[in-house]
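Hi,

Here is the model I promised to pass on. Have a look at it first, and then read my notes below.

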Amino acid sequence: MTLPSAARGDAGDAGETADGAAADAGDAGFAGDTGDTSAGPGTVRPGGRTARVRAAVLDAAGDMLAEHGFHALDLAEVARRAEVGKTTVYRRWGTVAGLVADLLTDMAEQSLPRTETGSLEEDLLANAALVRRTLSDPRQGPLFKAVIAAATGDARTAEALHRFYAVRVAEWAPCVEEAVARGELPRGTDAAEVVRAVSAPLYYRLLTSDAPLDEAAARRAALAAVAAARAGAFVRTP
């Protein structure tokens, strides 16, 4: 989807809501807003008009992705659901891929921080439990399926998805690095690879089977990663 030309603009755009127009007028960037808005447990979202518009649009986009997939995502329909002027959405995000990229950025920013128990096994069990809860969520599971499917055919979505996972892996890698420092794992263990090994079986189950993403599956994934790491499977080769 590309930006519409002025000739293609709907006649109704001239009557865009005051809120949408005001948000456009102050749109120097998202970072300038301050204040708090309500958010889910473990999340912090900035306040201010621009941030509220962004949150509403990203929530609407996430709902549409979960319901209908990437190819059904339409900027005008996202704007309608978010109760935001269409020109606001086209101006800020431009394309569906741009909107999905920002959605993934926001998801990475809002993700829960890593658990710190002082034990590699407990830390990775917590990581597996978090991944399982996310992928088995009625909204988040379909959303991730849609984005992963889209990333196979859209380079910008793929890049955004890679950034998302890079952020999440970097968030949890210190628990492995600390285990190396405590002597729980061999020197040279690749922390990022250990973290990926925890979530990989859960994503595989999500995408390739109808088997439930239950607590037993999460526990198996974590303990298998711990055992492999202790055996030196993730030590970097020279």
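First, the ground rules. This is a predicted model, so local features need pLDDT of at least 70 and side-chain atom pairs count only at pLDDT 80 or more, while totals for chains, interfaces and linings use all residues. Residues are numbered from 1 along each chain as its sequence is written, and side-chain values use heavy atoms, with hydrogens and water left out.

The chain has a mean pLDDT (the predictor's confidence in each residue, from 0 to 100) of 82, and 80% of its residues reach 70 or more. Confidence is lowest in helix α1 (residues 18-25), with a mean of 40, and highest in α10, at 98. Over residues 1-46 the pLDDT is below 50, although this stretch still has 70 contacts in the model beyond near neighbours in sequence. A contact here means heavy atoms within 4.5 Å.

**Overall layout**

You'll find 10 helices and zero strands in the chain. Of the 238 residues in the chain, 41% are buried. Buried means under 20% relative accessible area, exposed means over 50%, and partly exposed is in between (1.4 Å probe, protein chains only). Among contacts between residues at least 6 apart in sequence, 67% join residues at least 24 apart.

**Helix α9**

Helix α9 covers residues 191-208, which is 18 residues, and reaches 26 Å from its first C-alpha to its last, close to the 26 Å expected. The expected span is 1.5 Å times one less than the number of residues. There is a kink of about 30° at Ser199, shortly before the proline Pro201. That bend is the angle between axes fitted to the seven residues ending at a position and the seven starting there.

The buried residues of α9 include Val194, Val198, Ser199, Leu202 and Tyr203. As for their partners, the buried residues of this helix pack against α6 (120-136), α7 (140-151), α8 (155-182) and α10 (215-230).

Both ends are worth a look. At the start of α9, a side-chain oxygen of Asp190 comes to within 3.2 Å of the backbone nitrogen of Ala192. Past the other end, Ser209 is in the loop between α9 and α10. Ser209 is partly exposed, at 35% relative accessible area. Its side chain reaches the backbone oxygen of Arg205 at 3.2 Å, and the side chain of Ser209 also reaches the backbone nitrogen of Ala211 at 3.2 Å.

Is Arg54 buried or exposed? Arg54, in helix α2 (residues 49-68), counts as buried because its relative accessibility is 12%. Its side chain makes a polar contact of 2.8 Å with the side chain of Asp102. For a polar contact, I took N or O atoms within 3.5 Å; within protein, one must be able to donate a hydrogen and the other to accept it, and residues adjacent in sequence count only if both atoms are side-chain atoms.

Asp106 sits in helix α5 (residues 96-110) and is buried too, at 6% relative accessibility. Asp106 and Arg54 are 52 residues apart in sequence but 9.6 Å apart in space, C-alpha to C-alpha. In α5, 13 of the 15 residues are buried, so this helix is largely enclosed by the rest of the structure.

**Aromatic rings**

Rings of Phe, Tyr and Trp (its six-membered ring) pair if their centres lie within 6.5 Å; planes under 30 degrees apart are stacked, over 60 edge-to-face and the rest tilted. By this rule there are five aromatic pairs. One of them is Phe144 with Tyr165, a tilted pair at 6.5 Å centre to centre and 35° between the planes. Phe144 lies in helix α7 and Tyr165 in helix α8, so the pair ties together parts that are 21 residues apart in sequence. Phe144 is buried at 2% relative accessibility, whereas Tyr165 is partly exposed at 24%.

The ring centres of Phe164 and Tyr165 are 5.0 Å apart with planes at 80°, so that pair is edge-to-face. Phe164 is buried, at 6% relative accessible area. Together, Phe144, Phe164, Tyr165 and Tyr203 form one aromatic cluster.

Cheers

Notes. Helices (H or I, at least four residues) and strands (E, at least two) are DSSP runs, numbered from the N terminus.
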